[in-house]
Amino acid sequence: MASSAAAARRLLLLRHHHLFPRRYISSSSAADSLDDGGGGGRLKIFDRDLKRRHRDRAAWAMRETDGFVDAVAENLLDRLEDCRKAFPSALCLGGSAGPVRRLLRGRGGIEKLIMMDMSADMVRKWRESENATDDGPETHFVVGDEEFLPIKESSQDLIISCLGLHWTNDLPGAMIQCRLALKPDGLFLAAILGGETLK
Amino acid sequence: MRLLTHNMLASNVRGATTGYPLKLEAAKWVTKEVELNADFLRGLLPKIDWRALVAATRALGLPELLPEEQPPEEEIFAEGAADVEGSAIRRIHHALLEIHVQEGSLVCPDTSRCFPIDKGIPNMMLHEDEV
């Protein structure tokens, strides 16, 4: 647990109204090469299709709970308790959205949650566990790609991404799309693995 | 997929200008009752694209469910309206939260790209050559 706590301390925490993506990405080598590419749009570092298949497989192979992931999710959701505002509609992006929903425990005043992942198997798995537990917010499920966020502009109060955005080829682009999907004064909360997180 | 989710989804396939609203084609849908929460709806309604919602209900073959124009908020949230069968708030609640599209598709208005809805989950993934 010591290492997971250390990793969790290095969570990248961003507030929507401070969102200047390029400032935050300097520690990530993937993002550096994006900058070098100029424009940063089409450079391919991760094979997203392969990543989707990895996540299909992970959906069947993963354990119900994972101490490391839970520590990160818990630490991330802890931030919601610092906000006086309530966030009735929230979007939770791939990576560890399952633990986020499980550990929410009413925080953030979330009444409607959309869970999205690029892996259809992963989304199905989440829905199964949502059916098994009766508590938590009203949850909706979508298969989609955070690099091409299929969400209407200005429609969400909160976007959470727990350990998912480090697989995006265009991190600034993904974050800009999150910003567009947020209402003014919405909150963006994310945890990603950065350059030295796992050292 | 509830119609609330439909109201929040947009297509960003290459060539789409707004990609909104997606045209709903439902092959199978069910209704599941949930408790009405007026405060939640009050916060939600400003975010709802009324035209898209009405179009979705029409696509399901429910032309009577919602009027063409959104009723004024005072009428929707009038005292006691939630207890009246057939009131605006009850209809809106039913349309947004109680209708679940199980099988069907969402069609991009600009490019006619079809996104399938499989067992209630819309799949908005694009192929590599579509981005």
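**Exercise 1. Strand pairing in chain B**

Task: State which residue of β2(B) is the bridge partner of B:Val30, and then work out how the strands β1, β2 and β3 of chain B are paired.

Solution. In β2(B), B:Val30 has B:His100 as its bridge partner. The model is a predicted one, in which local features need pLDDT of at least 70 and side-chain atom pairs count only at pLDDT 80 or more, while totals for chains, interfaces and linings use all residues. Residues are numbered from 1 along each chain as its sequence is written, and chains are lettered from A and ligands numbered from 1 in the order in which they are written.

Step 1: strands (E, at least two residues) and helices (H or I, at least four) are DSSP runs numbered from the N terminus, and two strands pair if DSSP finds at least two bridges between them. Strand β1 (residues 23-31) of chain B runs antiparallel to strand β2 (residues 99-107) of chain B, and eight bridges join them.

Step 2: β2(B) also pairs with strand β3 (residues 114-118) of chain B, in the antiparallel sense and over four bridges; B:Gly104 stands opposite B:Ile117 in β3(B).

Step 3: β2(B) and β3(B) form a hairpin with six residues between them, and B:Ser112 in the turn has a positive phi of about 65°.

**Exercise 2. The overall form of chain B**

Task: Determine how many helices and strands chain B has, and how its radius of gyration stands against the globule rule.

Solution. Step 1: chain B has five helices and four strands, in the order α-β-α-α-α-α-β-β-β from the N terminus on.

Step 2: the radius of gyration, taken over C-alpha atoms, is set against a globule rule of 2.2 Å times the number of residues to the power 0.38. The value for chain B is 15 Å, close to the 14 Å that the rule gives for 131 residues, so chain B is as compact as a globular protein of that length. Along the principal axes, the C-alpha trace of chain B spans about 55 × 25 × 25 Å.

Step 3: a residue is buried if 20 or more other C-beta atoms, placed from the backbone, lie within 10 Å of its own, exposed if 12 or fewer, and partly exposed in between; 36% of the 131 residues of chain B count as buried.

**Exercise 3. Chain A and its side towards chain B**

Task: Find which residues of α8(A) are buried, and which elements of chain A each supply at least two residues of the side that touches chain B.

Solution. Step 1: chain A has eight helices and five strands, and buried residues make up 47% of its 199 residues. Helix α8 (residues 171-181) of chain A is mostly covered, with eight of its eleven residues buried, namely A:Leu171, A:Pro172, A:Gly173, A:Ala174, A:Met175, A:Gln177, A:Cys178 and A:Ala181.

Step 2: with contact taken as C-beta atoms, placed from the backbone, within 7 Å, 21 residues of chain A are in contact with 20 residues of chain B. The elements that each supply at least two residues of this side of chain A are α7 (120-132) and β3 (138-143). By class, the side has eleven nonpolar residues (Ala, Val, Leu, Ile, Met, Phe, Trp, Tyr, Cys and Pro), six charged ones (Asp, Glu, Lys and Arg) and four polar ones (the others, Gly among them).

**Exercise 4. Confidence in chain A**

Task: Identify where in chain A confidence is lowest and where it is highest.

Solution. The mean pLDDT (the predictor's confidence in each residue, from 0 to 100) of chain A is 81, and 79% of its residues reach 70 or more. Confidence is lowest in helix α2 (residues 21-24) of chain A, at a mean of 38, and highest in strand β4 (residues 156-162) of chain A, at 96.

Conventions. Contact = placed C-beta atoms within 7 Å.
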